[in-house]
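Here are my notes on this one, written as numbered points. Have the coordinates open while you read.

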Amino acid sequence: QISFENAVTDSFESSFDSKLFTNSLYDRVTTKFSNEEWEFALVEGLKSIFPEPIVVERTGGPLEVEHGTDILIRLPGLLGFQYLIAIQVKDYAGIVCHDPISQIQKADTYWSNENCKVIDKYLIITKANKEDNAKLIENRKDVKIIFANELKELLAIIGKSYLGLSGN
């Protein structure tokens, strides 16, 4: 037996053009956001997809020179321990130099201590494509890179969460 809620959800999802939504959202934000605005927008967006007690915070600013992190995600561990995900955001297009990798690498030594451990590092590049950046990918070490196409997917998940839809 199909519930009314399932019927509504199925009907909406079958008529919703996910690809059009994804491309439109990406186009609008990439033409309107500066690097700093990206950071604030991504913090708010990530908060919408990560439930509490996970904490998402903007850490960019003067101390960024020391830790290379624009956004920090704090996941709770046992007895007050925290696992951290460090994110560097670059509003770049075309070929990206190696510098952002060395920036986010600073997160390990700055944030990790007896109460915290960096478990993942991401570099989000808003407008550059993976195909143009083979050299950056080769030198990424343990940093995951989100290029424009993957960012489109992430924005779609965030956008759908704002609309109260599932992230898929």
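1. Which two side chains meet in a salt bridge at 2.9 Å, N to O? They are Glu39 and Arg58. Bear in mind that this is a predicted model. Glu39 sits in helix H3 (residues 35–49) and Arg58 in strand S1 (residues 55–58), so this bridge ties together parts that are 19 residues apart in sequence.

2. On the accessibility of that pair: is Glu39 buried or exposed? It comes out as buried, because its relative accessibility is 4% and the cut-off for buried is under 20%. Arg58 has a relative accessible area of 28% and is partly exposed.

3. Asp91 and Lys127 meet in one of them, at 3.1 Å from N to O. This pair links distant parts of the chain, 36 residues apart: Asp91 is in the loop between strand S3 (82–90) and helix H5 (99–111), while Lys127 is in the loop between strand S4 (116–125) and helix H6 (134–138). Asp91 counts as partly exposed at 22% relative accessibility, and Lys127 is partly exposed with a relative accessible area of 30%.

4. Next, look at Glu150 and Lys130, whose side chains form a salt bridge at 3.4 Å, N to O. Again distant parts of the chain are linked: Glu150 belongs to helix H7 (residues 148–162) and Lys130 to the loop between S4 and H6, 20 residues apart. Glu150 is partly exposed, with a relative accessible area of 25%; Lys130 counts as partly exposed too, at 41% relative accessibility.

5. Now the helix packing. Two packed helices are described by the angle between their axes and the distance between the axes. For H3 and H7 the angle is about 60° and the axes are 9 Å apart. The two helices are therefore oblique to each other, and their crossing is left-handed.

6. What does H3 bring to its contact with H7? Its residues there are Trp38, Leu42, Glu44, Gly45, Leu46, Ser48 and Ile49. They meet Leu151, Leu154, Leu155, Ile157, Ile158, Ser161 and Tyr162 in H7. By residue type, the contact of H3 with H7 divides into 10 nonpolar, three polar and one charged.

Technical notes:
Residues numbered from 1 in each chain as written. Predicted model: local features only at pLDDT ≥ 70, side-chain atom pairs only at ≥ 80, totals over all residues. Heavy atoms only, no water. Salt bridge = Lys/Arg side-chain N within 4 Å of Asp/Glu carboxyl O. Helix = DSSP H or I, 4+ residues; strand = E, 2+ residues; numbered from the N terminus. Buried < 20%, exposed > 50% of the residue type's maximum accessible area, 1.4 Å probe, protein only. Axes fitted to C-alpha atoms, helices over the stretch in contact; angles between N-to-C directions. Parallel < 35°, antiparallel > 145°, perpendicular 65-115°, else oblique. Left-handed = near helix turned anticlockwise from the far one by under 90°. Contact = heavy atoms within 4.5 Å. Nonpolar A, V, L, I, M, F, W, Y, C, P; charged D, E, K, R; others polar.
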